[in-house]
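My notes follow the order in which I checked them.

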Amino acid sequence: MGWITPSLRQMMVVASLALLLGGSGAVSSLGNHAVHPPIGQRAITPAVSPRAERVPTLSPGPAHQVAPLPSAPSTIFEENGTAWLAYDHNDLSFWVAVGSSSLDVVPADDIWGPDTVVPVGDSPFGVAVDPSAHQVFVTNTDSNNVSIVSDATDAPIASVGVGVEPEGVAFDPSEGTMFVANAGSNNVTVISTSTDSVVANISVGQSPVGLAFDPATDLVFVADENSDTVTVIHGITDTVAANISVGSEPYGVALDNATDSIFVTNQGSQNVSEISAVREQVTDSVSVGYAGIAGPITLEGIAYDNGTGQMWVGAGRASLLILNASPAAVSAYLWDDPSGAAFDPDTGQMCVTNSDNQSFECFQASSPWVENPVPIPFAESGLPLGTNWEVTMNDLSVQNSTGSMIRFEVMNTEISFAISAVDGYYPEPATYDYSGGTPPASVPVIFNLGTATYPVNFLESGLGSGQPWSILVGGILGSSTGPTISFDEPNGSHEYSVDPIPGYSTLRQYGEVDVNGQAVSETLNFTLFTFQVVLQESGLPAGATWFTNFTTSPPEITPPSSGPITSVSARFDLPNGSYGFSASTSNRSFLFSNPGYFQVNGNSITVPIDFALRTYPVAVAETGLVPGTIWRFEVSNPLQPFYLNSSTPGSHLTLNVPNGTYLFNVSSQPGYLVAPSNGTLPVEGPGSTLDIQFFFLVRGAISVSETGLPSGIPWFVNLSSGPTGFPLESKGPITKASTNLTLPNGSFGLSIVAADMDYEPYFNASVTVQGDPVAVHVQFLLLTFPITLVESGLPAGTAWHLTMTDLSNGSVEHANSSGSSVILALGNGTYLIVVQPPTGFSSNYSSTLAVVAGHPSVLPDVAFFLSGPGGGSGVGSTLSPSSIPWYLWGSALFVAGIIVGALVLHLARRQGKPGKPSVAARPPAP
């Protein structure tokens, strides 16, 4: 049943009542059939404040009440797993697990009224109540925890982590513990309700779902869905007491406290098992499958009605079953689609959750909505007295008897029955169909004596899909391309023979089968003839790992594969046929080079597997040679046995080599310079290139001369630039005034420097060689700095005179001035400056020392004074050493000695140590 809106649901309720009760009176009774609206259309009472406890003074309610649950789609509303519920006597309400993460609190006395919605974890499923603690426990399947809710405040108060996918939950009031079945972790968690904490985890069968507690034995019964068992746990010791085999896929569990029996719904086998809680064993089984229902039912929740002593079983999308507990038998079917069920002892109602229409409904056993099964009796005649015979309903439910009657109880729908032959007696009719309407008083079945035959089935294994095969039984040949060949044979021994199949053998080509009143099956195992195929590897280094895979093979076999292989061969046992294969190796430098095909034709064979080194093209290009000139390129790998010596008259050479690092050498050419002439060549896949440049050496001479350097001061010529690939060299130290260079044609940058940094070259440029001599001249200039001397005291235009003595070499220079100052251009060093006053004047000092250290400077001012008769010297007079005061000569000689010693030591260091100036070490002049 798909989703039904609230208004449509109400109309269906009205229509159903009209059909069942008849006339307008049935419709008018709808006032006693409340329809609970979806949560989206009704008020939600906030779960924040306590509410007054209801006193259980209700009288039995209407026969049928409907309360749709929230309309929001939820994964729990599915065929095999919908929400369960529990009744709370303290609260006079049902607690229903609904939606994706909530509980609905539905008042039992007013299911039309507003619900309280309590938030819990993800996908709530099982619900149980601890009445003494006024707490409700709900398992959250997707949150792996249990939410604890106060039934006084309708609000969550705690959350306890349990196992994986918790589902069913049961309360043990004697120990104050909750038992939680964890379907995903195959165990049961025990929670103390006094501390709201986990006190034990007990391993059970696979996928436990439902559970129930028996206070008489203090045992907990757990349905293990994927183990087809019920695990019994001691409630006091929390240990496993027993494992009881039940039907297939047990799901829900309920206790009949009147008989102390446990009832278990088995989804897979469509029945309900009854277990004695005292004896801990199955005492009965009730089949409920296909009882007039169009499809298989899914037995889920189950609950006990202590008012009627009956079990109510939720059958998913099929129906709600009422099951008599003693003796166990189906009493009635209710057309609905329930999943969970819970009994309300205060009103005597059984309330359920429905899976498809997501609703909440309540019933009573006396309800007119209950539909009782229709009896279909079968009466046999013709069989010997006491012979057992059987009837099968819908190919599933079987009844048998040694008497003359077999009776089925079905719903008023289409049912198919089949009557089996018995010991040579054949029924007439062999089948019977019931399509509803008035049931027959009985269905007569007459058994007639005849020659009975029984199916003899031959089953093959080992043949390829679609392989034809044949077998001969009693002169009749049966053939098939499928797995089974069937014959109908009477009792007795029957010989058979199997036709040979090319390429196959069977252990039993001849044999016999014995038929003795029942069907017989015989299995024939076919085996392919195989031959040894050896794949032999070559080309790989010793111990290399390789693999082989078959890409095509005969349809009757699964293509084999092998690897990793470290030996040189791999063996296979293969039948005749054509095979395609591939091979590979973990060493990516090698490639499989075979065509990858071989044929097995009745003999063992050896198939070569050839691996070859994977090579990549390396492009070597030269420039500079005259076209047609033969040049030679050699390459070798010291780690691999590889050597290549190639010569070519062209400008391009292509090598095919595997990955690795190679040494190369380019042979020299007469009249040429090559760059690079040798080195290393790494190869890592495609795309490696190497450029070689030859330089023609016919050239011209470059004559380089200098002026300006004192004799003996060395100088250098650097090649600062040149043609691409040409090695840049330097020449020096040069102590002569000229030198010669021989260079190939091209443009070259020249940088010329002196070893004495006090001299600056006047040349730093490029020259072009075109086969003719080239002359280059460079002038070195002494670096000088302006030294200023200012006078005062002379009349304007009066000439005055001074001399400068270089104390490092004794050279003397003169300077005259008619102005107020004189500027001297001096190189680095220490100088004695002697001032000669004009006639009639004297000065504040007649001499001073000037030290030049790489920057301009100003000497102390010279003050001239008029002198008396005989004072001073006239203009143009010469200052003789005898006229200089002795103390000035002493000071000058002392300073000169220090300077001369320092210069000697400096020159000695520059000429005798590795750190002397060189072209590479000196930057070009600005």
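I began with arginine 571, which is exposed at 56% relative accessibility, because the cut-off for exposed is over 50%. This is a predicted model, and I read it as such. The side chain of arginine 571 forms a salt bridge with that of aspartate 573, at 3.7 Å from N to O. I looked up aspartate 573 too: its relative accessible area is 45%, so I noted it as partly exposed.

How many salt bridges does the structure hold? I found two. The other entry in my notes joins glutamate 522 and arginine 508 through their side chains, at 2.4 Å, N to O. Glutamate 522 sits in strand β44, and arginine 508 in the loop between β42 (504-506) and β43 (510-515), so this pair ties together parts 14 residues apart in sequence. Glutamate 522 is buried at 14%, while arginine 508 is partly exposed at 37%.

Next I checked the nonpolar packing. The largest core has 39 residues, and Phe458, Leu535 and Phe598 touch the most other members. Strand β44 (residues 520-528) gives the most to this core, four residues. Beyond its neighbours within four places in sequence, phenylalanine 598 contacts residues including Val533, Leu535, Phe550 and Ile605. A second, separate core has 25 residues, among them Leu741 and Phe763.

Last, I turned to threonine 231 in strand β16 (residues 229-234). Is it buried or exposed? Threonine 231 is buried, with a relative accessible area of 1%. Its side chain makes a polar contact of 3.1 Å with that of asparagine 243. I also noted that threonine 231 touches Val204, Phe221 and Ala242, among others, not counting residues up to four places away in sequence.

Notes. Residues numbered from 1 in each chain as written. Predicted model: local features only at pLDDT ≥ 70, side-chain atom pairs only at ≥ 80, totals over all residues. Heavy atoms only, no water. Core = buried A, V, L, I, M, F, W, Y, C linked by side-chain atoms within 4.5 Å. Buried < 20%, exposed > 50% of the residue type's maximum accessible area, 1.4 Å probe, protein only. Helix = DSSP H or I, 4+ residues; strand = E, 2+ residues; numbered from the N terminus. Contact = heavy atoms within 4.5 Å. Polar contact = N/O pair within 3.5 Å; in protein donor to acceptor, adjacent residues only side chain to side chain. Salt bridge = Lys/Arg side-chain N within 4 Å of Asp/Glu carboxyl O.
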